[in-house]
Structure formats: C-alpha cells, structure tokens
Amino acid sequence: MRAQLMWRTLPSLVLGLLFLSTPVMGSCLDKDQELLRQLQKQADIMQRTSMLLNPYIQSQGLDKDGLKEHCRERPGTFPSKEALQRLSRQEFLRALDTMLDHVLHRLKALQRDIPKAQDLETLNRAKQNIRGFKNNIHCLAQLLPGSSETTEPAPIGPGTSPSPTPTPDTFQRRLEGCRFLHGYHRFMHSVGQVFREWAESPSRSRRHSPRRGLRKGTRRVPLSRNKRLLPRVQLPW
Amino acid sequence: MALSSVSQTAFLLALLSLRTYQSEVLSEPLPSAPEFLKVSVNSTCQCLHLQWTVHNLSHHQEFRMVFQIEISRIKTSNVIWVENYTTTVKWNQVLHWSWESKLPLECAKHFIRMRSAVDTAKTPGPRVWSSWSSWEEADVQNSLGQDPLFVFPKDKLVEEGSNVTICYVSKSHQNNISCYLEGVRMQGEQLDPNVSVFNLNHVAFIRETGTNIYCKPGQGDRIKGTVLFVSKVLKEPKDFSCETQDLTTLNCTWDPGSDTGLLKQLSQSYALFESFSGKKTLCKHKSWCLWQVAPESQDMYNFTLTAENYLRKRSVHLLFNLTHRVHPMAPFNVLFKNVSATNATMTWKVHSIGKYHTLLCQVELYGEGKVTQHNVSVKVDGAHLFSGLEPDMEYMAQVRCANGDHFWKWSEWTQQNFTTAEAAPSEAPDVWRNVKTVQGRCVVTLFWKPLSKLQAHGKILFYNIVVDYLDRTSVSELLSIPAPANGTELPLSQCSSQIRIMANNSVGTSPASVIVVSREPGNEEVEEERVKGTEDGFPLSWKPQPRHVTGYLVEWCEHPQDPPCDLQWKNLGPNVTSTVVSSDAFRPGVRYNFRIYGISTERVPYLLARKTGYSQELAPSDNPQVVMTNLTSHSFTLSWKNYSTESQPSFIQGYHIYLKSKAGWCHSGSEKAVLSDDAAVCCKYKIDNPEQKTFVVENLQPESFYEFLVTPYTSVGEGPHDAFAKVTTPDEYSPTLIRIILPMVFCILLIMITCYLKSQWMKEKCYPDIPDPYKSSVLSLIKSKENPHLTIMNIKDCVPDSIEVLNKQEGTRKSLTETESTKPTYLYLLPTEKRYSSPGPCICFENFTYNQAASDSASCGHVPAPPKAPPSQLGLLTSPENLLKALEKNYMNSLGEIPAGETSLNYVSQLASPMSGDKSNLPINPPEPALCSEYKMQMAIPLGLASPPSSGSSSLSSVTLLDEGEHYH
C-alpha cells in the first residue's frame with residue numbers, strides 16, 4: 001500500500017518539479033511579451049482623458065464653450081506618432097523615457113494650480129502611473145541589444161523639448177496646462193499604438209520593430225537581472 | 001467829520017496789521033515746486049507709486065506741507081483724481097504716495113502732476129501754492145510686448161460682491177473682439193479705438209481656482225484672458241469662548257465660518273492676543289486654540305481673536321475671570337457599594353480644580369421608567385445613597401459636576417449600571433380557572449399570569465399549588481409547577497375544593513391567590529347578549545349584584561377560532577359594573593364571547609352574563625352551500641342546513657334569495673332588485689330568521705331557465721353576488737305521462753309473459769310435438785275407461801318413412817365451437833345395391849345445424865359424400881327389423897360419438913315430400929331415385945324464439961319445441 005502510494009506520487013512530483021523548473025530555466029521571451037502587453041495596457045490607460053485632462057478642465061473652469069476648444073495640443077510639444085514610428089526601439093524607449101520625465105516635471109508645476117485634495121489625488125495617481133510605466137520601459141530597454149552603451153537622448157524631431165517655462169499669467173498657464181495634458185494623452189495613445197505594432201509584427205525587419213533584437217537581448221540579459229527588474233513594475237490597477 | 005476821521009484811522013490800522021503779517025510769512029523761504037523722482041506702476045495692485053522731493057529746504061528745517069496731486073487719464077485735461085496729501089517734510093527727504101486705480105493702469109495712459117504749500121491749518125488764510133510740477137506720464141501699454149491682445153487686470157484678487165473693471169488692449173486694430181465671463185459674453189464700452197472696458201458689479205464666488213475671463217477676436221484662434229480670484233468675505237469668528245478644565249490650560253473655541261481660501265490666497269489665519277499679559281499666539285487650528293494659563297495666578301483675561309486673510313482682518317474680544325470659566329472633567333471611578341434589595345450607595349471621584357474650589361455634582365438615577373435627580377457637593381470624592389429602590393431592578397446612575405462657586409458648565413456624564421438584590425414576590429399571581437367534568441370527576445385547568453418585574457422581585461422559579469378539599473374528607477394536595485409555566489390541569493378528587501397558588505423565587509414565596517371550585521355547576525342558562533365593539537374595545541356592563549361580591553371577572557378567548565383559544569381574564573373591583581375589554585389581538589370579523597362572573601365572598605365564581613360581539617363586523621365573504629331539491633315544473637326547494645351562523649364575520653340577520661329569470665317579473669313575496677355587480681334585474685326573497693335555512697321557490701314557469709343565489713345579509717352588507725346556480729324547470733306533463741306509461745308497459749309485459757307461459761303449458765299438455773304416451777292425459781283418460789284393447793303402439797309395428805333421431809341428454813350443453821367440428825350424421829334409410837358417388841336418387845339426412853356454408857347450398861348433391869358404410873350393414877337395412885336394429889345401433893353409436901355438448905341445440909329436419917297426409921299413411925315404397933328428395937337446410941332456432949308450428953305448414957315441416965335443457969337430434 002505504501003509502495004503504491006509512492007509510485008503514484010513520484011510522477012506527479014517529477015511533473016511538479018518540471019513545472020517549477022520552467023521559470024527557473026527562464027524563457028525571457030515570455031517575459032518580454034508580458035512586459036510588452038503590460039506596457040500596452042498601461043499606455044491604453046494613460047491615454048484616457050479621464051485620468052488627467054478631464055479633471056483638470058473641470059477644476060480650472062475650462063469646460064465652457066469658446067474656451068474648451070482652445071484646449072488642444074500645441075504642435076511640437078510632443079512627438080507625433082510618425083516620428084515615434086521612425087525611431088528604433090532603443091531610440092523610442094529612450095525618447096519615451098525622456099518625454100515622461102518632462103511630463104512628470106510639468107505635472108509637478110501643475111500641482112500648484114490645483115487646490116482641491118481630490119484633484120491632487122488624481123494628479124498623484126497619474127504620476128505614479130508614469131513612474132511605473134518608466135520602470136517597465138527600463139525593464140524592456142534592458143532586453144534590447146546595446147542597451148548599456150546608448151545613453152544620448154533620442155532624436156525625436158520637432159517635439160524634442162516640451163514647452164518652455166510656463167507664463168506667469170494664471171490664465172495662460174492654465175490654458176497651457178490644459179493643452180499640455182491634451183498632448184500627453186495623445187502622445188500616450190501613439191505610444192500604445194507603437195507598442196501594439198511591436199507585438200503584432202514581431203518578425204518585421206523595420207528599423208524600429210526588430211523582434212530579433214528582443215530575442216538577442218533576452219539571451220544577453222542575465223536571468224537574475226531579469227528577475228530582479230520585473231518586480232519593479234508598478235501596475236496602476 | 002469825526003466819523004470820517006475814525007474810519008480813516010481804522011483803515012490805516014488794518015493796512016498796518018496786514019503788512020506786519022506779510023512780513024512775518026515772507027520771512028520764511030517759500031518751497032519750490034516738488035520734483036518727481038519716479039512714477040511707477042504696480043500692476044498687481046493697480047497702483048501708481050510716486051516718489052518726489054522738495055527742494056529749497058534748508059538744513060534742520062522741517063515743514064508740514066500739503067501736496068496737491070492731480071491725476072488725469074488718457075489726456076492731461078481729463079483730470080480724474082485730485083487729492084491733498086499732507087505730511088511733514090524734512091530736508092532732502094524723498095516722499096512717497098500711492099494711488100490705486102479702479103481701471104487697470106495698462107488700459108490707459110495716466111498723467112500726474114502736483115504742487116505744494118506750507119500747511120497753514122493753524123493760521124487762517126489762503127495757502128500759498130507753489131507752481132505745478134510738469135505732467136508725468138504713466139504709460140504701461142508701451143511695455144506690454146508684441147502680443148496683439150491683452151486682458152487686464154491679471155490675477156486680481158477681490159472679495160465677493162466687489163465691483164471690478166476689466167479691459168482689453170488690442171494692438172491689431174480689430175474691432176470685433178468678444179469678451180466672456182465664464183462663457184457668457186460681456187458688454188463693455190470703448191475707451192479708445194484699441195481699448196474696451198467692462199464693468200463687473202457684485203462679482204460672485206464661483207470656484208476656488210478663480211473666474212475665467214477671456215477675450216478673442218472674431219477671426220483666428222488667439223485667445224487671451226485673465227483669472228479673477230473672487231474670495232468669500234471673511235466674517236467675524238462666532239461663538240468665541242474660552243474655558244479651562246484644570247486651571248492650567250485655557251481652551252478657546254470659535255466658529256470660523258466659511259473658508260476664504262483660494263488658489264491665490266491661503267485660508268484665513270487666526271491669532272489670539274491677551275492684552276493684560278501682552279502675549280500673542282498664532283493658532284494652528286481653524287476653530288480652536290490652546291492658551292497656557294500664567295503661573296502667577298492671573299485671574300482676568302482679555303482675549304482678542306483675530307481672523308485675517310489677504311484682503312481683510314476681523315477681530316472679536318472676550319474678557320473673563322478664569323475661575324468663572326471652569327468646565328470640570330467628567331467624574332471617574334464610579335462604584336456602587338452596599339447594594340441591597342432597596343438601597344445602594346454610589347461613590348465617585350473628581351479631578352481637583354484647586355483646594356479652594358468646591359464642585360457641585362448632579363446624580364441621576366434611571367429605573368422603573370422614571371428619573372430621579374440629586375445634587376451633591378464634592379471636594380474630592382463624592383457619595384450618594386439611593387433608597388426606596390425596587391428589588392431585582394436594574395438601574396442606571398450617572399453623575400456630572402460643575403464648579404460649585406461659579407457655575408459655568410457641567411462636565412460630561414459618567415454612567416454606571418447596577419442591579420438591586422432579589423426579594424420575595426410582593427403580589428399573588430393573578431389566577432383563573434376552567435372547570436370541566438371528565439368521567440364524573442372534576443378537572444380544573446388553572447391559568448395564571450406571570451408576575452410583573454415589579455411584583456416578582458426576582459426570577460420566579462416555580463409555582464406552588466395547594467388543593468384543600470372543603471369537605472375535609474380528603475387530604476390536601478401540594479403541587480409544584482416549575483416556571484415559566486402559566487397554567488396546569490388538575491384532576492380533583494372532589495369538586496368542592498379551595499385552591500391556593502403561590503409564586504416562588506430564590507428568596508421567598510408570594511401571597512397566595514385563592515380559587516374555590518364549587519360542586520354546583522353554576523348558572524349556565526344566562527342568555528347571551530350582543531355587544532358592539534368599538535375602536536377602544538368591547539364595552540361591557542352588567543347589573544350590580546344584590547348579594548355581596550368581592551369582585552367581578554370577565555373572561556374571553558383572544559383566538560376563538562383556534563383550538564387553544566388563549567383564555568384571557570380581567571379582574572374588576574366589587575363596585576365596578578362596566579368595563580372596556582381591549583386587546584391588540586382583537587381582529588375585525590371575529591366573534592368574541594365574553595363571560596362575566598361575580599366572585600362571591602367565599603371566592604366562588606358564578607356566571608352573571610354572557611356577551612358576544614365583533615370588534616368590527618365585516619360583510620360575509622362566502623355564501624351558503626345550497627342544495628336544491630324537489631324540482632318541479634313550478635317550484636324547487638333550496639336548503640343550506642350546513643351553514644353555520646356562528647362562525648361568520650358578522651351577525652347574520654337573515655338571507656336574501658335572488659332569482660333571475662327571463663320573465664322579468666316577480667311574484668308576491670319577492671321584490672325586484674338590481675344587482676350592483678352586473679346590473680342584472682332579479683327577484684329578491686327575504687328571510688328574516690337566520691336559523692331558517694330552507695326555502696321553496698314557487699310560481700315558476702315550466703321548461704324555464706332560472707338562476708338563483710342564496711346570500712346572507714348582515715348589518716354591514718350581504719355576501720358576494722357571484723356563483724348563481726342554474727336550474728331549468730321540467731315539462732309540466734312529463735311526470736304524469738311517466739306515471740301512466742310505465743305501469744302500463746309493465747302490465748303488458750307481464751300479460752305477455754303470462755300468456756306465453758300459459759300457451760306453452762297448454763301445448764305441452766294438449767298437443768305436444770311428440771306426445772309421450774305415458775304422460776298423455778288422453779291415454780290416461782282412455783285407461784280410465786278401461787279399454788284393454790287399446791294399448792300403446794309398438795314401434796316395431798311401424799314402418800318408418802322418416803326417422804327423427806332424438807338424442808336426449810340432460811345436464812350438458814355443447815359450446816358453439818365444439819358443435820361446428822361435429823361431423824354430420826347420415827342415415828341411409830332405403831336399401832340400395834350400390835353406392836352413389838355422385839348426386840343421384842338418394843335420401844339422406846344431413847346435419848347442417850352448425851355448418852352455415854353448407855346450408856347455403858340448396859342441393860343435396862353438393863353435399864360431400866357420406867362415409868362409406870359396410871355393405872352388410874346396408875343390406876340389413878332393407879328389412880324393417882334390420883332397419884330398426886340398425887337404427888338402434890346407429891342411435892347408440894350416435895350417442896356414443898356425439899359429444900355431449902352437441903345435444904344442447906335443437907334443430908328441425910325438414911323433408912320435402914311430394915306426399916302429404918298424416919303420418920299413418922307412410923309410403924311403403926321408397927322414393928324413386930330420380931325423384932331425389934330435397935332437404936331444406938337446418939337452422940338453429942333459439943329456444944325462446946321457437947314458435948309453435950302453424951297448421952298450414954305442418955305438412956312441410958315439423959318443428960319440435962323442447963324443454964330447456966333437453967336436446968334432440
């Protein structure tokens with residue numbers, strides 16, 4: 001009876017060890033895909049105007065006819081989708097990281113014009129999302145080839161630098177903030193689309209979508225590093 | 001002449017004095033015109049700021065001077081402001097002056113000039129002004145920048161209800177510029193071709209982030225605007241008050257009102273200033289502030305609370321003596337000592353407020369549904385004795401204290417519960433009984449109500465019941481019923497007994513409740529009266545009893561329709577002759593029966609009155625189940641014997657019988673009625689006696705259709721008008737005809753049967769088909785005449801020409817199927833030399849009794865050939881004797897071969913013969929073969945349908961009617 005029990009439990013034990021060994025042996029490709037999906041989802045959420053723009057418009061009283069029409073992104077504040085698509089993956093991720101730094105900086109400035117605690121909470125939640133997104137970008141960038149030697153800023157064309165110092169006039173600052181947020185959501189929409197293209201065309205040989213690069217990066221990145229980076233992903237939901 | 005000399009002298013004196021004064025003034029140096037150093041514009045406060053100096057002042061010279069300042073707008077001639085500014089001027093001093101413009105300074109050029117004069121307020125006379133300075137221009141528009149459109153003022157902070165002027169400056173010479181306030185277009189006035197002004201009166205607070213005002217030209221997407229921050233008006237703090245709990249810290253509180261915080265303005269701040277000590281503290285909270293009491297025992301405090309924001313400052317003052325504002329902390333350590341059934345001592349401690357102060361404490365006791373209050377003076381520890389408490393009662397006591405010397409406020413309450421000890425029950429239980437006789441023995445069912453908490457004085461554990469038999473022949477009985485029983489059934493040895501019931505708790509026994517059971521059954525013949533219930537209950541009254549009673553008792557069942565009727569009773573005093581019985585359990589439409597007893601001095605109850613009634617009568621919900629009987633063409637009877645009038649939702653006063661007919665008219669005894677349900681017209685019969693439960697509906701038309709309904713009626717209405725029963729009266733003559741025709745038919749049938757039986761008897765007696773010589777009465781008659789020559793003919797003497805074979809067997813009957821398989825019996829009656837294989841001259845019998853197929857053939861030739869008989873046998877038949885022998889043999893064989901069942905049917909053999917005549921003329925010669933005799937088919941004839949042969953056909957056929965059970969072949 002005891003021997004029977006051992007013979008029954010032994011195969012299941014072996015199978016269990018095999019399953020356990022799968023993550024230990026590490027398929028970074030799966031992790032990459034998961035990371036990419038994660039970034040896509042995050043970009044989808046961050047592009048929603050209900051996350052930032054709409055509460056801002058509401059709190060600043062910009063939801064009036066004749067005024068909300070002027071709450072449009074100014075050309076050049078953020079790179080266009082086409083400009084993003086022209087970038088290589090490394091350049092794209094770097095540009096994205098830089099832009100999000102600018103966004104964080106600008107959100108900090110906007111925070112001064114938001115007196116209500118509820119709106120401030122919305123703003124802080126958005127900032128946390130951006131930080132989590134940046135972490136994921138960092139993780140993904142580690143999987144790309146040549147990630148360690150490239151540090152210079154990405155050439156992202158006309159939208160390289162966001163708008164300069166805000167005007168001291170509250171009204172103009174308010175309007176600029178609104179435009180900036182509108183551009184931010186549009187920008188995240190474009191980012192989401194680029195990530196989606198990455199996921200949909202893994203074998204495309206275009207400059208910015210080399211699936212191969214990811215695979216190479218997967219091999220190059222040490223397993224322990226990959227494991228260490230993943231928990232840093234902050235999910236906003 | 002004298003007058004003219006006087007006037008000349010006065011004029012000279014006046015002139016002299018004027019000269020003297022002028023010489024004094026002119027002796028000081030006159031100031032020159034002020035010299036502007038700087039004219040600046042502060043856009044934030046829309047202020048013009050001037051800086052100037054006054055030359056021509058000597059060292060150490062100090063003058064009080066007046067500066068007259070003129071401000072013009074757009075052009076110098078358009079002076080909008082003139083103000084005299086007085087100040088003391090020293091040598092080489094730079095003077096400052098500001099002016100706040102209602103119009104944003106960016107909206108128009110402003111010009112400023114001033115002149116000065118020595119302030120001569122102390123001396124009468126006109127001021128000697130210096131000359132005007134040159135016009136200084138304040139033009140901000142030049143420094144605006146290159147934008148085509150500007151809106152001013154920028155980010156202005158105003159209070160709610162203020163008047164604000166907005167303007168725009170256009171540099172593109174566009175005239176179709178529109179300006180909006182929160183999306184609503186504003187109407188302005190043009191100040192110059194490039195500037196328009198909008199006056200906003202009584203601006204309102206919209207949001208903390210300010211009010212958006214913006215302008216945009218008709219073409220292009222340029223938009224410029226400004227934010228007007230409208231603050232709520234800062235109000236004075238309300239309910240400012242300070243108090244101390246321990247004489248070391250003051251807690252000052254106030255109602256701050258609405259928050260005036262904006263995006264551009266912090267919320268108002270509060271500061272506390274005490275004037276006697278000169279100390280000030282900024283409050284961290286919006287509605288309260290702590291102040292440390294000075295250790296040097298300062299008694300009086302004069303506080304000023306100041307609320308301040310960017311626009312306004314508000315202050316309130318409070319002056320008080322510290323010892324008059326003591327709000328002690330709540331007492332603590334509340335305990336109860338020496339708690340008995342009726343007393344308890346409460347103790348507590350208080351926080352000290354100084355050894356010179358006495359606290360006044362208030363003690364409240366909640367219990368028994370009431371509150372008692374006591375005041376106690378306390379230094380450190382307090383104590384109070386509660387007396388007159390109820391045993392086994394839970395009480396809640398609470399205490400609070402205040403400064404006894406100068407009352408300010410009570411402290412918070414401190415509460416504590418306690419329960420008094422138990423005591424013996426104070427009241428006897430309320431007991432009632434129900435007496436019945438079971439198998440000749442009295443059985444008493446006792447009911448008692450549980451004692452209230454105030455009566456029980458503790459948890460009732462059991463009830464003691466003592467039965468004392470009044471005739472003293474039996475020993476008293478003692479029972480103990482555990483609580484929480486509220487009754488028991490008690491079989492008594494003898495009816496006359498006294499029963500005592502006592503409730504017991506852990507401390508003692510209650511007084512006894514006494515019930516006496518009498519041998520006499522009591523007055524059960526009391527007539528029942530009706531009582532009408534009201535919203536308050538059933539008002540019951542009875543006649544006062546001539547003999548002495550100790551009280552009255554009313555009993556009733558709260559649920560009379562349920563088997564355990566929940567007996568209730570109510571004890572009343574001896575002087576009471578009426579009461580109102582009320583209960584939440586009383587329901588409309590339920591009949592309640594009340595019995596009123598008088599309790600004699602011997603504690604024997606006797607029935608005084610019976611009442612019955614409804615708390616509210618309801619219309620009957622059901623109609624009786626009606627049975628219709630005795631239906632005739634003119635009447636029928638309705639009966640509803642099973643309908644109980646007692647269990648109805650109201651008192652039944654009678655019945656209404658509704659009859660619907662096509663005739664539409666009503667006979668006497670009924671009246672026309674229109675039913676409210678379907679507006680149908682019908683006849684209504686009325687029965688006034690509720691116990692009359694039959695009714696005969698008469699005067700109906702034969703062969704007519706009627707509908708009827710029996711419904712009870714009460715004081716609140718009738719039963720439902722539904723489910724009319726239907727009936728059709730029968731034909732008027734049908735019963736008569738049935739009464740006549742049926743006996744007639746019966747008689748005829750009887751006669752026919754009698755005749756038939758008689759004819760059979762006659763036939764059997766007089767002319768049977770085969771007479772039995774031994775039974776023939778004719779022969780017996782002959783015998784009686786003693787004619788010895790007459791004898792019975794022997795068969796041997798007869799020459800047969802036809803043979804009828806009789807197979808008589810009794811007691812058996814062959815089934816039909818069995819007879820079908822029977823082979824026909826053939827008898828060759830005539831001698832023949834050879835056998836005929838084909839149809840030819842022959843005489844044969846064929847038994848077709850059960851062969852229908854064969855019987856259909858009309859010729860004997862179609863009959864299958866009979867079985868061959870041995871020649872010897874045929875030869876023997878040629879002689880009569882042989883023939884008879886053969887017949888006998890064959891007869892015997894037939895008997896032996898034919899199953900017994902075959903003999904159960906009769907058939908008639910028909911022989912078609914050219915000869916006719918009686919049987920005595922038997923043909924000697926056999927018939928010619930050529931003349932083949934023809935046999936008609938044989939038919940089975942049922943016994944009952946066989947009829948005697950007619951005389952006319954007797955020559956052609958012979959029919960034998962046999963008795964039942966006899967069978968012949």
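## Briefing: strands, helices and loops in chains A and B

Strand β22 (residues 300-308) of chain B and β23(B) run antiparallel and are joined by 9 bridges. This is a predicted model, in which local features need pLDDT of at least 70, side-chain atom pairs count only at pLDDT 80 or more, and totals for chains, interfaces and linings use all residues. Residues are numbered from 1 along each chain as its sequence is written, chains are lettered from A and ligands numbered from 1 in the order in which they are written, and side-chain values use heavy atoms, with hydrogens and water left out. Helices (H or I, at least four residues) and strands (E, at least two) are DSSP runs, numbered from the N terminus.

**Sheets and a hairpin in chain B**

- Strands of a sheet pair through backbone hydrogen bonds, either parallel or antiparallel. Two strands count as paired here if DSSP finds at least two bridges between them.
- β22(B) and β23(B) belong to an open sheet of 4 strands with the order β20-β19-β22-β23 and antiparallel pairing. β20 (279-282) and β23 (313-321) of chain B each have a single partner strand, so one side of each is left without a neighbour in the sheet. On average, neighbouring strands of this sheet are turned by 20° against each other, direction ignored.
- Which residue is the bridge partner of L305(B) in β23(B)? V316(B) takes that place.
- Another open sheet has 3 strands in the order β17-β18-β21 (chain B), again with antiparallel pairing. Its edge strands are β17 (238-244) and β21 (288-292) of chain B, each pairing on one side only. The twist from one strand to the next averages 20°.
- Within that sheet, strand β18 (residues 249-255) of chain B pairs with β21(B) over 5 bridges in the antiparallel sense. Here C252(B) stands opposite C289(B).
- Strand β48 (residues 670-674) of chain B and strand β49 (residues 681-687) of chain B run antiparallel, joined by 5 bridges. A673(B) has C682(B) in β49(B) as its bridge partner. The two strands form a hairpin with 6 residues between them, and A679(B) in the turn has a positive phi of about 60°.

**Helix packing in chain A**

- A few terms first: axes are lines fitted to C-alpha atoms, for helices over the stretch in contact, and angles run from 0 to 180 degrees between N-to-C directions. Angles under 35 degrees count as roughly parallel, over 145 as roughly antiparallel, 65 to 115 as roughly perpendicular and the rest as oblique.
- The axes of helix α5 (residues 89-110) of chain A and helix α7 (residues 170-200) of chain A come within 11 Å and cross at roughly 155°. That makes α5(A) roughly antiparallel to α7(A). Their contact (heavy atoms within 4.5 Å) involves residues including F92(A), L96(A) and M99(A) of α5(A) and F180(A), Y184(A) and F187(A) of α7(A). The contact residues divide into 17 nonpolar, 2 polar and 3 charged. In this count Ala, Val, Leu, Ile, Met, Phe, Trp, Tyr, Cys and Pro are nonpolar, Asp, Glu, Lys and Arg are charged, and the others, Gly among them, are polar.
- α5(A) also packs with helix α6 (residues 117-143) of chain A, at an angle of about 160° and with the axes 10 Å apart. These helices are therefore roughly antiparallel to each other. Among the contact residues are L93(A), L100(A) and L104(A) of α5(A) and I130(A), F133(A) and I137(A) of α6(A). This contact divides into 12 nonpolar, 1 polar and 5 charged residues.
- Helix α3 (residues 53-60) of chain A packs with α7(A) at an angle of about 165°, with the axes 9 Å apart. That makes α3(A) roughly antiparallel to α7(A).

**Backbone details and a record in chain B**

- Most residues other than glycine have a negative phi, and most peptide bonds are trans.
- A cis peptide bond joins F152(B) and P153(B), with omega about 0°. P153(B) is in the loop between β8 (149-152) and β9 (157-159) of chain B.
- A cis peptide bond also joins A483(B) and P484(B), with omega about 10°. The loop between β34 (477-482) and β35 (487-491) of chain B holds P484(B).
- Q439(B), a residue other than glycine, has a positive phi near 55°. Its place is in the loop between β31 (431-438) and β32 (441-448) of chain B.
- An unreviewed UniProt entry lists residues 737-757 of chain B as "transmembrane region". UniProt positions are given in the numbering used here, feature names are shortened, and annotations may be inferred rather than shown by experiment. In the model this span is 100% helix and 0% strand, with its end C-alpha atoms 30 Å apart.
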